[in-house]
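Open the model in your viewer and keep the selection tool at hand.

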Amino acid sequence: PGGEPRRARRPLAQGEILLASKLSDFGEMVTIVQTLGENNRAIAIEVDAQSGVGGFVTPGDHVDVVLIQGRGAAMSAVTVLENIRVIGVDQQADAYGDRPAVARTVTVEVTPDQGQRLALAQRAGRLSLTLRALDSADTAPLDAVGLADILPQPAPEAVPEVEDRQGIRVRRGAGPAENVWLN
C-alpha cells in the first residue's frame, strides 16, 4: 500500500534479516510501549552518577534496585527488586548506544505489583541500581543490611580491678570510662 511508511520497532544491524515482526504497520507510531512484555508496565527511577552505576546502565541491561533509607546508625539497605530489565535511559531507548552517559532517569520494565513496590520505595528513601552480569542467575532474596552490620564496633575497654579502694566509674561523653578514687 502507498501512503505512510513502516518503521523498525527496534534498531536493526546491517545484514540482519528483515522480518515483519520487526517492523511497524503502515503509519504506526513506534514507541517504547511496543517493547513491554504482556501486562507489564514502564516506570522511571531517578538516578545520578553514583546510584545509576556511573552511567554504564544501558537499555537492555538487567539491574537490581536497592533502597537506602534512614540516617546515622539506623541507616539500612534492602534489595527491593531483582533482575529488572532497563528499557530506557533518560529518553533514549536505543540498546545499541556506543558510549555511557550519566543519566537522570532510568526507565525499567516491571509487573504491576513491582511498579507499586518501586513507586513506594522511591518515596521511602534513595534508590541505587546494581548492574547484573549478562548470564547472571537469579539469586536467593537478600536480607536487609544495617550500618551496624558493616561497621565494626570497638571492643569495650578493659578496666583493671583494684581491691581495697572505694571509687566510682565516671564516663564523660563518648570517651572511655575512668575510675575516680574516693580515698
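**Stop one: Glu109.** Select Glu109. Glu109 counts as buried, because its relative accessibility is 10%. Buried means under 20% relative accessible area, exposed means over 50%, and partly exposed lies in between (1.4 Å probe, protein chains only). Glu109 sits in strand S4, residues 105-110. Strands here are DSSP runs (E, at least two residues), helices are runs of H or I with at least four residues, and both are numbered from the N terminus.

Before going on, a note on what you are viewing. This is a predicted model, in which local features need pLDDT of at least 70 and side-chain atom pairs count only at pLDDT 80 or more, while totals for chains, interfaces and linings use all residues. Residues are numbered from 1 along each chain as its sequence is written, and side-chain values use heavy atoms, with hydrogens and water left out.

Arg85 counts as partly exposed, because its relative accessibility is 23%. A salt bridge is a side-chain nitrogen of Lys or Arg within 4 Å of a carboxyl oxygen of Asp or Glu.

**Stop three: the other salt bridges.** How many salt bridges are there by this rule? The count is three.

Select Arg132 and Asp64. Their closest N and O atoms are 2.6 Å apart. Arg132 lies in the loop between strand S5 (126-131) and strand S6 (145-146), Asp64 in strand S2 (residues 62-69), and 68 residues separate the pair. Arg132 is buried at 10% relative accessible area. Asp64 also counts as buried, at 10% relative accessibility.

Now select Arg117 and Asp113, which form a salt bridge of 2.9 Å, N to O. Both lie in helix H1 (residues 112-124), four residues apart, about one turn of the helix. Arg117 is partly exposed at 49%, and Asp113 is partly exposed at 40%.

**Stop four: the core.** Select Ile45, Val108 and Leu118. In the largest nonpolar core, which has 19 residues, these three touch the most other members. Strand S1 (41-46), S2, S3, S4, H1 and S5 each give two or more residues to this core. S3 gives the largest share, four residues. A nonpolar core is a set of buried Ala, Val, Leu, Ile, Met, Phe, Trp, Tyr and Cys residues joined through side-chain atoms within 4.5 Å.

**Last stop: the whole chain.** Zoom out. The chain has two helices and eight strands. Their order along the sequence is β-β-β-β-α-β-β-α-β-β. Of the 183 residues, 21% are buried.
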